[in-house]
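Have the structure open as you read.

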Amino acid sequence: MTYRGTTPPFRGPDGRVLPDSIAEITYLRLGGLDQWVMIRGRNLTNPILILLHGGPEASIIDLPNILRGCLWSPKLMWDEISAVDLTKTVPVLQMPIFFFIGRHDHVVAGETSAAYFESLSARSKRFVWFEESAHEPAVEEADTFNRAMAEWVLPVVQPLS
């Protein structure tokens, strides 16, 4: 198993870890593969963030195979992928939506995400650029990502009483 990484706990104003919160990175066996999973939530009674990524192919030894797969998969799927037009298939969402986009993402062009965001109709929406990130702002700029989640997402999923 490779290094799991860390994610900071949720802390109250007194600096102590909040009871009933979760902030962990682990591996879970899903679909017969060990998958890297980050689980974060300020309170387990509210929706939590689960970021799933990886598997045994994520080790440094398998990096050449990952790169080959990144080059091979789009060739096979490009016609299908490029035919999807989210502006037509998903023009409206009946929920709040947040786009957390890495400025240096080479997997999904930020301009494409921004264009879809502009056309999307939702009851509330927010687009956030992560200036120092590529494809995984939650990992690459964890502190900034956590602040964004606390400032913008948390009030939507946990309204103040």
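In this predicted model, the ring-pairing rule gives nine aromatic pairs. Take Phe 100 and Phe 145: their ring centres are 5.4 Å apart and their planes meet at 75°, so this pair counts as edge-to-face, given that planes over 60 degrees apart fall in that class. The two partners come from distant parts of the chain, 45 residues apart. Phe 100 belongs to strand E5 (residues 97-102), while Phe 145 belongs to helix H5 (residues 142-157).

Another edge-to-face pair is made by Phe 117 and Phe 127. Here Phe 117 sits in helix H3 (residues 110-119) and Phe 127 in strand E7 (residues 125-130), so the pair ties together parts ten residues apart in sequence. Phe 117 and Phe 127 are buried too.

Here are the two pairs side by side:

| Pair | Centre to centre | Angle between planes |
|---|---|---|
| Phe 100 and Phe 145 | 5.4 Å | 75° |
| Phe 117 and Phe 127 | 5.3 Å | 65° |

Phe 117 and Phe 127 also belong to a cluster linked by ring pairs, together with Phe 99, Tyr 116 and Trp 129. Which charged ends sit over rings of this group? Arg 103 has its charged end over the ring of Trp 129, 3.8 Å from the centre, and Lys 125 does likewise over Phe 117, at 4.6 Å.

Now for the surface. Trp 72, Leu 76, Met 77, Trp 78 and Ile 81 make a nonpolar patch of about 590 Å². Leu 76, one of these, lies in helix H1 (residues 63-83), and it counts as exposed because its relative accessibility is 56%.

Technical notes
Residues are numbered from 1 along each chain as its sequence is written. This is a predicted model: local features need pLDDT of at least 70, side-chain atom pairs count only at pLDDT 80 or more; totals for chains, interfaces and linings use all residues. Side-chain values use heavy atoms; hydrogens and water are left out. Patches are made of residues with over 30% relative accessible area and no salt bridge: like charges are joined within 9 Å, nonpolar side chains (Val, Leu, Ile, Met, Phe, Trp, Tyr) within 5 Å. Accessible areas come from the Shrake-Rupley method with a 1.4 Å probe; for residues, only the protein chains shown count as cover. A salt bridge is a side-chain nitrogen of Lys or Arg within 4 Å of a carboxyl oxygen of Asp or Glu. Helices (H or I, at least four residues) and strands (E, at least two) are DSSP runs, numbered from the N terminus. Buried means under 20% relative accessible area, exposed over 50%, partly exposed in between (1.4 Å probe, protein chains only). Rings of Phe, Tyr and Trp (its six-membered ring) pair if their centres lie within 6.5 Å; planes under 30 degrees apart count as stacked, over 60 as edge-to-face and the rest as tilted. A charge sits over a ring if NZ of Lys or CZ of Arg is within 6 Å of the ring centre and within 35 degrees of the ring normal.
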